[in-house]
Amino acid sequence: MNAEYRGENTEYRKKHTHHGFGRVYLAGIGASMKSAAAYRVNFLLMNLFDLVWAVAAPLVTILIYGSGASFPGWTFWEVMLMQGLFELSSALCAVFVENIVWSTMNHVREGSLETVLLKPMPPILYMVSTSFRLDSFGGLLGGLVLTLIAAGNCEIMAISLPLCILIFAAGFAVNSAASLISAAASFKWVANSRLSEIRMSFENFGIYPVKIFPSALRFAVTFILPYAAMGCFPAEILLGRFDYINILLIIPAALFLMFAIWFYNHMIRLYEGVGG
Amino acid sequence: MGGTSPQRGSPQRLPHSLDVCLAVAEATYKEWAAYRSHSMVSILVGPIFLLVQYFIWTAVYGGVETLGGLNLEQMIRYFGASSLIGYVTMDFADWNLQMLVRTGKFLTFTLRPIHHRFFALSQKFGHRVLGLLVEFIPCLIIFILLFRIDMMPENILITVMSIILAFFVNFYVNYTLGLLGFWLVDAGGISRFVGILTNIFSGTLVPLTLFPDWAQYILLFLPFTYMGYAPTIIWTTGHFTLGGITMNGYLAIAFQLIAVCFMYVISEIFYRLSIRRFSGVGA
């Protein structure tokens, strides 16, 4: 193996990283499909259950509205739209990014990260590209169905769709960043299977109307950790009740993602292994 | 079987079982105490969960006095109690048993003079004592001092008894689920599905009294109700209400006891059917 191939030549890495990322990502999808084909029943069940869960997730809202109560200022279908968008964002993260938490954790626990570190591409790109989860597609489908049904029952401002996509992307970035930070934490907090619980507990701030929270907390979930961009704000945009000052949240969302990438690359230095 | 093991019918059998249980529980406690920081994640996650619930329900109660028979104060206490009870009844016997079967390590249990279910139950005792110390107590203190919630149970004795029975129902349900590992290569999907059902129907997400009446009648006869909802509602109100039926704590406990016995019998029948399917080579 020559030095250039091993990635010691930084220029070589820079030149080939993006090309390599695309190819490795496709290979990751291929491996995920083959794995799904090998364990077909489990694959179908996992997708089915994710689908059921995505549809059942707004159960609290259904029961609240069924009891005659409501979130002030929100109709039933408006809340469903918000929660459908949230489920969509959450499922996108589960399909494309979230598995990095488990794969990093397993590599650290088993001491096998060397097999990743030796590859001629940045470890974080390799880990993301091989984290594709085909068996989380059920949640994606469930979130999409819920969003479409809810949108059909609300007065949507179609002209706001580009802004909605932008804010939705910011929400996806926040959730992805939180996954990367959870994964990075596993370099120090070895084999803690509950790291994801911490991330998911913060997600709760994105699934309900942000106005139910006091102003300090509202500010925090808008401009510090903009979880409100996962469900609440995209829905507000589509419903034409968005406060446009909140567009600024894309700045902390981008910064949070950049910090998460830096943090992962920093924490990877703490890894200790003896050859995999 | 080892020569020192008391035989069936021996007067020493119960104390010996107790010794085994305590030894396994102590070993499990020590094993998991090394990872106590994992359990302590609850000290962060629990209060965040309660904080969100507090704001959700405060907003929702804006226009109504009671929901599902609970006023706002009771509703917040319900979710606090639900979290706390979850820490002492939490169970992963299903995952553990499925792992043992999948890896073949279950073979070592077929050679031991102890029923695996008893071993797993003893493990759970040790594991949840740790949960009591590093999850339940710290979170209870946070709920009382930080959130200013009155977490005092309406009837302490009945509540404690109900939690203990919920501990057993949780275990037997999960253990029975774990036995699927003998039948399926990967039972993770089914476990996840039942996990979802448990979350929904044990009252973790929302009190079961908010469900439609017909659903409440059905839930009255499902074990999920007695895994979480029963002790939580008893903690919150001192009595058990579901499907329009209100019963005092003692009667509710009798129902829970029936659920424990029922799940024990089911797990035993399923164990006997499942064990025949096991094959291992050396482990």
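**Helix packing and the A–B interface**

Guide: In chain A, residues A:N47, A:D50, A:L51, A:A54 and A:V55 of α2(A) touch A:F137, A:G138, A:G139, A:L141, A:G142, A:G143 and A:L146 of α8(A). Bear in mind that this is a predicted model.

Visitor: At what angle do the axes of α2 and α8 of chain A cross?

Guide: Roughly 30°. Helix α2 covers residues 40–56 of chain A, and helix α8 covers residues 137–152. Their axes come within 7 Å.

Visitor: Is the crossing of α2(A) and α8(A) left-handed or right-handed?

Guide: Right-handed.

Visitor: Switching topic. How many residues are in contact between chain B and chain A?

Guide: Chain B brings 32 residues, and these contact 34 residues of chain A.

Visitor: What area is buried between chain B and chain A?

Guide: About 3,000 Å². Carbon and sulfur atoms give 77% of that. On the chain B side, B:H38, B:F55 and B:R192 supply 19% of the area that chain B buries against chain A, more than any other three residues.

Visitor: And polar contacts? How many residue pairs across the interface of chain B and chain A?

Guide: The rule finds 5 residue pairs in polar contact there.

Visitor: Which helices of chain B supply at least two residues each to the side that touches chain A?

Guide: α2 (36–39), α3 (42–60) and α9 (188–201) of chain B. α3(B) gives the most, 11 residues. By type, this side of chain B has 23 nonpolar residues, 6 polar and 3 charged.

Visitor: How many salt bridges cross the interface of chain B and chain A?

Guide: The rule finds 1. The side chains of B:E135 and A:R194 meet at 3.2 Å, N to O.

Visitor: How many salt bridges over all chains?

Guide: The structure holds 14. One of them joins the side chains of A:R241 and A:E78, at 3.0 Å, N to O.

Visitor: Where do A:R241 and A:E78 lie?

Guide: A:R241 is in the loop between α12 (232–239) and α13 (250–267) of chain A, while A:E78 is in helix α4 (residues 76–96) of chain A, so the pair ties together parts 163 residues apart in sequence.

Methods:
Residues numbered from 1 in each chain as written. Chains lettered and ligands numbered in written order. Predicted model: local features only at pLDDT ≥ 70, side-chain atom pairs only at ≥ 80, totals over all residues. Heavy atoms only, no water. Contact = heavy atoms within 4.5 Å. Buried area = accessible area lost by both parts, 1.4 Å probe. Salt bridge = Lys/Arg side-chain N within 4 Å of Asp/Glu carboxyl O. Polar contact = N/O pair within 3.5 Å; in protein donor to acceptor, adjacent residues only side chain to side chain. Helix = DSSP H or I, 4+ residues; strand = E, 2+ residues; numbered from the N terminus. Nonpolar A, V, L, I, M, F, W, Y, C, P; charged D, E, K, R; others polar. Axes fitted to C-alpha atoms, helices over the stretch in contact; angles between N-to-C directions. Left-handed = near helix turned anticlockwise from the far one by under 90°.
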